[in-house]
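Trainee: I would like to work through this structure with you, one step at a time. Where should we begin?

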Amino acid sequence: METIHVTISKLNVKDILKANVPDLKIEKASEYNLIKIIDGFAGYTIDLIKTGNLSAIKDCFNTAEQLLADGSNEVKNAIENVYVFSISLFFDMAHAVSKQVKELLPEHLSEEYHKQIGCCQK
């Protein structure tokens, strides 16, 4: 039986985030701007990291992983250049929680994080 791969377009991102991260608030003014949506998603994730809510952080990371793995090129670029970049800056500043949180990163997000920091080891 053949499986069909569905690519996530920028138009689907808002719905996926609402379904997987229901507490994330997407401002009406930015609901059609992919970069602003992903930036808000990154900010929300950083707030969760600050509070140490590991379960919710994991949900965010899994959602970002899904968008990175199955997204269109535009969606992948937004995750790589906005989401991963933003959270990696926070990892560098938040040493106390960063190791524990970094361990929650799924495979593709972890690979992208390591690419961005110029590190070849996990």
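Mentor: Let us begin with a term: a residue is called buried when its relative accessible area is under 20%, and exposed when that area is over 50%. Keep in mind that this is a predicted model.

Trainee: Is S30 buried or exposed?

Mentor: S30 is found in the loop between α1 (10-20) and α2, and, leaving aside its neighbours within four places in sequence, S30 is in contact with K36 and I37. Its relative accessible area is 9%, and because the cut-off is under 20%, S30 counts as buried.

Trainee: How are helix α2 and helix α3 oriented, roughly parallel or roughly antiparallel?

Mentor: The axes of α2 (residues 34-51) and α3 (residues 54-70) come within 9 Å and cross at roughly 150°. Since angles over 145 degrees count as roughly antiparallel, α2 and α3 are roughly antiparallel.

Trainee: What span should α3 have, and what separates its end C-alpha atoms?

Mentor: In α3, the buried residues include A56, C60, E65 and L68. The helix has 17 residues, so at 1.5 Å a residue α3 should span 24 Å, and this agrees with the separation of its end C-alpha atoms, which is 24 Å.

Terms used
Residues are numbered from 1 along each chain as its sequence is written. This is a predicted model: local features need pLDDT of at least 70, side-chain atom pairs count only at pLDDT 80 or more; totals for chains, interfaces and linings use all residues. Side-chain values use heavy atoms; hydrogens and water are left out. Axes are lines fitted to C-alpha atoms, for helices over the stretch in contact, and angles run from 0 to 180 degrees between N-to-C directions. Helices (H or I, at least four residues) and strands (E, at least two) are DSSP runs, numbered from the N terminus. Angles under 35 degrees count as roughly parallel, over 145 as roughly antiparallel, 65 to 115 as roughly perpendicular and the rest as oblique. The expected span of a helix is 1.5 Å times one less than its number of residues. Buried means under 20% relative accessible area, exposed over 50%, partly exposed in between (1.4 Å probe, protein chains only). Contact means heavy atoms within 4.5 Å.
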